[in-house]
Every structure is written in structure tokens, then in C-alpha cells.
Amino acid sequence: MIRATGLVKRYKNTVALQGLDLVVPEGKVLGLLGPNGAGKTTAVRILATLLAADEGSAVVAGVDVKADPMGVRAKIGLSGQYAAVDEHLTGYENLEMVGRLYGMGKSASAARARQLLERFDLADAADRPSKTYSGGMRRRLDLAGALVAEPPVLILDEPTTGLDPRSRQQMWTVIRDLVSDGATLLLTTQYLEEADLLADDIVVIDHGRAIARGTADQLKAQVGGERIEVVVADATRVDDAARALGTVAQGEVQSDVSRRSVTAAVEGDGAGRLMQVLQNLRDAQIEVLDVGLRRPTLDDVFLTLTGRTAESDQSAENEKEEVPA
Amino acid sequence: MTATKLSPMRVASDGWVVAKRNVIKIKRVPEILVFVLISPIMFVLLFAYVFGGAIDAGAGLDYKEFLVGGIFAQTVVFGATFTGAGLAEDMQKGIIDRFRSLPMARSAVLIGRTTSDIVYNVLSLIIMALTGLVVGWRAREGLFDMLAGFALLLLFAYAISWVMGYVGLLVPSPEVINNASFIVIMPLTFVSNAFVPLESFPSGLRQFVEWNPVSAVTQAVRELFGNTSDAVPVPDVWSMQNPVLYTLIWVVIILVIFVPLSVRQYRIASSR
């Protein structure tokens, strides 16, 4: 449904995309995963005809984006990182307007607007100006806007960035419903967890090119499963802690002396491994400040694939299962 | 592969949908209107009572009567800034991305904006006419001529809207638009016969005034409202002898140039 080949986009001082290939088969979900500035939004804007590529070609729903952008627009629904709703219009007015601009008739637009507001839990707020909406409600309204004409292809650009955890959960539920209804979806995200949850295939991009692709499981196998992170009290004992962790962990142990922390991937029973590590640390008489078991984050993917961190603020994403030391 | 094209009907209907959206905004945020509508009232009162005594419109003609036609013309030109500001603001909003991802006419955002600003111009003309009535202005040539005068003002306003709309698409942010439009609007309105009689300009400047479209609109509405006097002869240049026709020619010229120019600029500005 979406096929992009060799997309290149240059700006004055930077190259946003340097030969990106993407394929999204019909009824599948592709997660485009990468940190801020990796080129995700540029790719989305090219596929949604908002931006022309300098090189390369893309076909969306059988229509070439360069030759017939209007034809592409009739077949896509786009929901962006910044909710594209008119704040002075009510939720209903926003959706009705979008319907009319897709070329739908008056009564069809009105009926569809009401139906979508109902579906996205916005019926109570339907006749209030959207500037009174919460961030999560605005995003849902924006997503509803993308669905007005029931387009065969959906493009969602970071649909949950900046949302609080509860709104994020709601958004995931909505998107999962769409996916089970058979939508073809291109989704960009900074969150590995999100891609894992929603996407059939994941393409990891960095500096405008794909650095890894595969299913969530394949990627995780590359990165390793859960990780154990230990922070010790005494900086001189970081190396000892690394040894204590190394006997249990499968992956390479990464030490950070300045943060007095050591991290490594473990396989299998994470909680059991964690107990073992704690035992080792006690035997070695190393004082532990903090210890945790967490799922791999985008940072881990990046660290493994590129040897450096994603440089994006992922701290909120490190879901630690705190264990008293 | 052939590109999908939209019919003229779709272009008009998309423009209408966007215009409706803008009118809803006027309804929701009436404060915007209040401030924009107060300035023409201030102009009428200031010029009528502060300069009224100092400026001689010519024998047998009350300056206030002379003034109101000029203020009408000046206000619709100033009002076009509203179009520029509205578009500049739109371009910064996320809604533009929605518009651009929809299979709608590219020109609809511009057509919608200039069309909804007619509503604003109608309102401001009504307020000004009422203020004019209070200070002693009258339309003396009958209903038909009066309506023709207002229609001509609205037509001219519509054309100028496209000019300021273009400026609105050029500027990087809405805050710049007022200063940017000032450069165009001040000389256009003040170096005209809107506030002082044409004869008072020195040669050189005077030729500019004679052919300035704002002078033509002003002269045209003065004639249609019957605010002229035999004591003030109309200068013997074609533009002033045929002010209605000359104004209409300007309307056509402006639209022919600025409609395609603005649509092109919209494409450039929105794909940044």
C-alpha cells in the first residue's frame, strides 16, 4: 500500500533523509522508530504530499505522490504530532469541515462527524470549542479527522508524544482497534514500547536512513531482553559491580563510572536473574544505591545498533521495577 | 499517470467551507472585531472635529461631508490588513497541515479568507455609515446610487484583500504584518484625495494622487453619495472624470496579478 524508494531530502545545512526505503503491505502496520531529528516527520510529510522529496519515489495506495498528489490525498488520513484542529471550532465543526473538504456531502459529513465523536469518546464535548479540550482529547479529535473519509491508508506521526500516560493508553486502545479493523498504517514513534505494541514491522531510522528493520521480536533479539541496572554507592567499586553482574548477564556489561552504574541485558527469567545479581553484590560486599529490572528502551536499541545513545529524553520511559536493595 | 484535478464547483465549495470556518471564528472571538471596528469611528471623529476646522474642502461643501467618502475608502484599505493577519496566523497553525493533506483546492484557504473578510467589511461599512450620519454625512443620490457606492467599496476591498493576503503569506509571523502593510497602506491612503482636496497637492505629488486608485474610489463614492459640490471642480484627468470605471479597471488588474501570485506563495509558504 505504501512503497517508498530511495527518498532523499536536503535542507540548507542538513540532510534530513538520505535514501530511505519503506514498504507497508496492505492491512499491516509499520512502525518508524527513531529519536528526534532522525527524519521520521520528513518521511511522513513526503508520503502525505506535504513536502516534495529531492530524490526517490513513493507510491501510496497505488498513486504516485509526485505525479498525482491530489489523488494521494484522497486516499490517506494524516494525524500529526501537533494536533491539526481549529481551536475556535467545536469538535463537531472540525470534523464536519474535514468531511466537506474531502468532498463529502453535507448530511454525510454531519453523520460521520457525530459517529466519530461517539466512537472517540468525545460526544459530550462535541459542541464545545476544541481549545477547551485536554491534550489527549485534541489528539483524539485530530485522529478522528484523519478517519473521516475512511481512507485506505493512515499515517500517524508520533500520535502519543507529549501525552500523559493515561491519554497514551487511551490512544493505544483506539489505534489497536483501527488496526484490528484492517487499516494500513504507517506510524512514527520515539517509543520502542509503542512500536512493539502496535506495529507488525519496525524500521529504526537514524540520520535519515534505516539502520535496522524487522519485527519487534527480531529487534529485541538483537538488543537483548530485559536489562538489569545497578547503581553503586562507591565509584571505585563500579568494576567489581560489573563483574558481579557479568556472571549473570548474557549481554555485554556497560559501565558508566560517572553515574556509578552498570547495565547489562539478561535473558529468560528476569526477576530470578535480578535475585542472583543481588546475591553476588552482597557476597562481594558492594553497597548498592539502586537496582532495577527494565525493558529495553529506544536508547538501548540505539546503543546496541549505533554504539551511542538516542540523545532524546527517554528518562520518563525507563520503566523500572524498583526492588529494595 | 494523470494528476487528479478539481472542478471549479469543488474549488468554490471548498472556499465556502473555509469561509464558514473563518466566520465562526469571528463569532467565537468577537473581541477581534471590536478593536478593528473602533479605529474607523476614531478616524471619522478625529478628522471631523480635530482637522475639520483647519481643512477647507472647497466653497459650499462641508468638510465632514467631504471626509466620510475618504474614510470609507481608507477603512476598507486598512481593513485588508485583517486578511493578511488572518492568513499569516493560519499559516502558523496546525490546521494548515490538515488542509494540505486533504484533497481540497489549494486556493480554498485564500478564497475562504478573502470571502469571509467581506463579512467584516460589510460590518465596518455599516458602523462607519452610522458614525457618518451622526456627524452630518448623508447619501443624497438615492438608494440605488448609495448601494452602488457600497458595492464598489466592497469590490475594491475584496481586491485589496488579495494584495494584503499575499503580504500575509510573505511575512514570517503575524506580528510583522501590521508594520509591513503600513508601508503600503499609509502612502496609498494619505497621498490621495481621501482627507484633503486634490488641488492642495503640489505638482508631482498631485499626478500620483490623480491616478492613485484610492483617489478614484473616493471620488466615485463621493459622486454616488452626492457629496460633491459644483464649487469643487473635478480635475480634468481621465481617472478622475471616470472614477467608477477606473476603479473597476484596478480591481481587475489587482485580481489578475495577485490571485495567482498568492496561490503560488501559499504553496511555497505552506511547504516549509
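I shall go through confidence, domains, sheets and, at the end, the contact between the chains.

Please bear in mind that this is a predicted model. For chain A, the average pLDDT is 86, and 94% of the residues reach at least 70. One stretch calls for caution: residues 311-325 of chain A stay under 50 in pLDDT, and the model has 24 contacts for them beyond four places in sequence. Where pLDDT is low, the predicted coordinates should not be read in detail.

Let me turn to the domains. Chain A is assigned domain 1, covering 2-220, and domain 2, covering 224-322. Taken over C-alpha atoms, the centres of these domains of chain A are 35 Å apart. Where they touch, domain 1 of chain A contributes 13 residues and domain 2 of chain A contributes 12. On the domain 1 side, α7 (192-198), β9, β10 and α8 of chain A each provide at least two residues. That side of domain 1 of chain A comprises eight nonpolar, two polar and three charged residues.

I come now to the sheets. One is an open sheet of four strands in chain A, ordered β2-β1-β4-β5, and its pairing is antiparallel. Which strands stand at its edges? They are β2 (15-24) and β5 (63-64) of chain A, each of which pairs on one side only. Strand β1 of chain A, residues 2-10, is joined to β2(A) by seven bridges in the antiparallel sense. As an example of these strands at residue level, A:Leu7 has A:Leu20, in β2(A), as its bridge partner.

Helix α1 of chain A, residues 40-47, packs on this sheet and touches β1, β2 and β4 (55-60) of chain A. The direction of α1(A) is at about 120° to that of β1(A). How many residues of α1(A) are buried? The count is eight of eight, and the helix is thus mostly covered. Among the buried residues of α1(A) are A:Lys40 and A:Arg45, together with A:Val44, A:Ile46 and A:Leu47. Just after α1(A), A:Thr49 adopts a positive phi of about 65°.

The other sheet I wish to describe is an open one of six strands in chain A, with the order β6-β7-β8-β3-β9-β10 and mixed pairing. Why is one side of β6(A) and of β10(A) left without a neighbour in the sheet? Both strands, β10 being residues 209-214 of chain A, stand at the edges and have a single partner strand each, so one side of each has no neighbour there. On average, with direction ignored, neighbouring strands of this sheet are turned by 15° against each other.

Elsewhere, helix α5 of chain A, residues 135-147, lies across β6 and β7 (153-157) of chain A, running at about 170° to β6(A).

Finally, the contact between the chains: chain A supplies 29 residues and chain B supplies 21. On the chain A side, α2 (69-73), β6 (76-79) and α3 (91-101) of chain A give two or more residues each. The most come from α3(A), with five residues. By class, this side of chain A has 18 nonpolar, five polar and six charged residues.

Note on methods. Residues are numbered from 1 along each chain as its sequence is written. Chains are lettered from A and ligands numbered from 1 in the order in which they are written. This is a predicted model: local features need pLDDT of at least 70, side-chain atom pairs count only at pLDDT 80 or more; totals for chains, interfaces and linings use all residues. Two residues are in contact if their C-beta atoms, placed from the backbone, lie within 7 Å. Ala, Val, Leu, Ile, Met, Phe, Trp, Tyr, Cys and Pro count as nonpolar, Asp, Glu, Lys and Arg as charged, and the others, Gly among them, as polar. pLDDT is the predictor's confidence in each residue, from 0 to 100. Two strands pair if DSSP finds at least two bridges between them. Axes are lines fitted to C-alpha atoms, for helices over the stretch in contact, and angles run from 0 to 180 degrees between N-to-C directions. Domain bounds come from an automatic or database domain assignment. A residue is buried if 20 or more other C-beta atoms lie within 10 Å of its own, exposed if 12 or fewer, and partly exposed in between; C-beta atoms are placed from the backbone.
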